[in-house]
Each structure stands twice: as C-alpha cells, then as structure tokens.
Amino acid sequence: MTVSFLILLTNCNKDKLPRLSVNPTLIEISNERQVFNIIVESNVDWTIKSDKEWSTHQVVHGSNNEEVAVTTAENETLYSRTALLTIS
C-alpha cells in the first residue's frame with residue numbers, strides 16, 4: 001500500500017512567506033496495522049485530513065513544527081489500498 005501527501009499552501013500574512021513541508025512524502029506499508037510518524041515543518045497554521053477511514057491521526061491541526069502519528073488499520077482484503085493525507 002502507498003500513502004502519499006498533497007501539500008497546499010495558504011498565507012494571510014503578507015510579511016512572511018509561508019513555509020510548509022512534510023517528511024516523508026511517500027510511505028509504503030504492509031497489510032498489517034501500522035503506526036508511522038510524519039514530520040510537519042511550518043511557519044503557518046495547518047490542518048491534516050485523510051480521505052480514508054482506515055488511515056487515522058490524532059492531531060487535526062497545528063502550527064509551526066510537529067510530529068504526527070498516523071495509524072493504518074489492518075487490510076483484511078486481498079486488494080491493495082491507497083490513502084491520501086492532505087496537509088494545508
């Protein structure tokens with residue numbers, strides 16, 4: 001399974017340029033339940049959401065730098081899955 005991230009930037013403060021980066025940007029995981037961390041580095045407020053119910057995270061929004069734990073439920077099917085986490 002592949003999890004990928006889409007980053008969208010917004011900025012209300014014209015005095016500083018927005019900075020938002022995520023590491024890693026692509027994660028491949030097994031069919032088992034897994035927890036992995038992503039690092040968000042930012043100088044603006046941000047939110048995170050997943051497009052799949054089986055990919056969850058406890059942090060919904062933040063500001064500045066933060067490490068976010070993402071949990072994926074076990075894949076009990078024979079099919080591969082893809083989830084998209086959007087951080088904006």
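**Contacts, burial and confidence in a predicted model**

Q: Leaving aside its neighbours within four places in sequence, which residues is Asn 75 in contact with?
A: Contact means heavy atoms within 4.5 Å. Residues are numbered from 1 along each chain as its sequence is written, and side-chain values use heavy atoms, with hydrogens and water left out. With neighbours up to four places away set aside, Asn 75 is in contact with Asn 31, Ser 80 and Arg 81.

Q: Is Asn 75 buried or exposed?
A: Asn 75 sits in the loop between S8 and S9; strands (E, at least two residues) and helices (H or I, at least four) are DSSP runs numbered from the N terminus. Buried means under 20% relative accessible area, exposed over 50%, and partly exposed in between (1.4 Å probe, protein chains only). Since its relative accessibility is 7%, Asn 75 counts as buried.

Q: Which side chain makes a polar contact with the side chain of Asn 75?
A: A polar contact is a pair of N or O atoms within 3.5 Å; within protein, one must be able to donate a hydrogen and the other to accept it, and residues adjacent in sequence count only if both atoms are side-chain atoms. At 2.7 Å, the partner of Asn 75 is Thr 77.

Q: The backbone oxygen of which residue lies 2.6 Å from a polar atom of the side chain of Arg 81?
A: Arg 81 is in the loop between strand S8 (66-72) and strand S9 (82-87). The backbone oxygen at 2.6 Å from its side chain belongs to Ala 73.

Q: Which side chain is joined to that of Asn 37 by a polar contact of 2.9 Å?
A: Asn 37 lies in strand S4 (residues 34-42) and is partly exposed because its relative accessible area is 40%. Residues up to four places away aside, Asn 37 touches Pro 24, Glu 67, Val 68 and Ala 69. The 2.9 Å polar contact links the side chain of Asn 37 to that of Glu 67.

Q: Where in the chain is confidence lowest?
A: The chain averages a pLDDT of 85, and 83% of the residues score at least 70. Confidence is highest in S8, at a mean of 95. Where pLDDT is low, the predicted coordinates should not be read in detail. The lowest mean, 49, belongs to strand S1 (residues 2-7).

How values were computed:
This is a predicted model: local features need pLDDT of at least 70, side-chain atom pairs count only at pLDDT 80 or more; totals for chains, interfaces and linings use all residues. pLDDT is the predictor's confidence in each residue, from 0 to 100.
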